[in-house]
Amino acid sequence: MKRSVGIFCSSSNQVDGSYREEVQKLGELIGKSGWTLVFGGNNHGLMGVIAESVKSNGGNVIGVMPEWMKQWNVVFKEADEIHYVSDMYARKKLIEERSDCFVALPGSIGTLDEVSEQLALRQLGIHDKPVVFLNTNGYYDTLFKMFETMVDEKFIRDSFREKYSVAGSAEEVVSLLKVYF
C-alpha cells in the first residue's frame, strides 16, 4: 500500500543551505520509498525543495493551495495533483485527510499552526497518525522546552510526550515512519 506523508515547512527562499540539504535528502528518501508527498503546493523555499526532490526520485506529489494564492504564481506545477481550496482551514483539512502521517520541517508560524493542529487532534483521539519533527540544527529545541513546561505546569498530561517523535536527520525521519507503516 502506498503511504502519504503530510509535510509542513517554510516557503522562504532565504533559509540557510543546511536546511535545504537535509530537506532535499528527506525528499529523496520519501520518493525512493514510493511514498506520496502531501504539502502546501508551493514551489518556494523548503516546500519547493521537498516537492522537487520527491518528484525527481519517483514519488508522487499532491499540492493543496488556497485559491487566492494563484495570483502569486508559486504553485509547484510538476505536482501529480493540485487541489485549490477556499482558504487555509480547508487546506489544513485536506492535507490531514490525504496524509497517513505528518512531518514538521523547520518553518515559521504557519508551520507551527499546522503541526500544532495535528498534535491537538492526536491528543484528543481524533486521529492516531504519527507526528515527527525534523529537528535540523536544533531548530525546534525551544519548542520542545515549551512542551516540557506545559507538562511540568500541568497544562498537558505527561502522555503528550508520546504524541510526537523527534528526528535529527532525514534518515531518522524515514526510519521512524517505517516503524509506523
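**Exercise 1.** Which residues have the most contacts inside the largest nonpolar core, and how many residues does this core have?

*Solution.* Residues are numbered from 1 along each chain as its sequence is written, and the model is a predicted one, in which local features need pLDDT of at least 70, side-chain atom pairs count only at pLDDT 80 or more, and totals for chains, interfaces and linings use all residues. Side-chain values use heavy atoms, without hydrogens and water.

Begin with the term: a nonpolar core is a set of buried Ala, Val, Leu, Ile, Met, Phe, Trp, Tyr and Cys residues joined through side-chain atoms within 4.5 Å, where buried means under 20% relative accessible area (1.4 Å probe, protein chains only). The largest such core has 29 residues, and those with the most contacts inside it are Ile-7, Leu-26, Ile-50, Val-103 and Leu-105.

Next, take Ile-50: leaving aside its neighbours within four places in sequence, Ile-50 is in contact (heavy atoms within 4.5 Å) with Ile-7, Val-23, Leu-26, Gly-27, Ile-30, Leu-37 and Leu-105.

**Exercise 2.** Is Asn-135 buried or exposed, and where does Asn-135 lie?

*Solution.* Helices (H or I, at least four residues) and strands (E, at least two) are DSSP runs, numbered from the N terminus. Asn-135 lies in the loop between strand 6 and helix 5 (141-152).

Its relative accessible area is 11%, so Asn-135 is buried. Finally, with neighbours within four places in sequence left aside, the contacts of Asn-135 are Tyr-140, Asp-141, Phe-144, Val-166 and Ala-167.

Definitions and conventions. Buried < 20%, exposed > 50% of the residue type's maximum accessible area, 1.4 Å probe, protein only.
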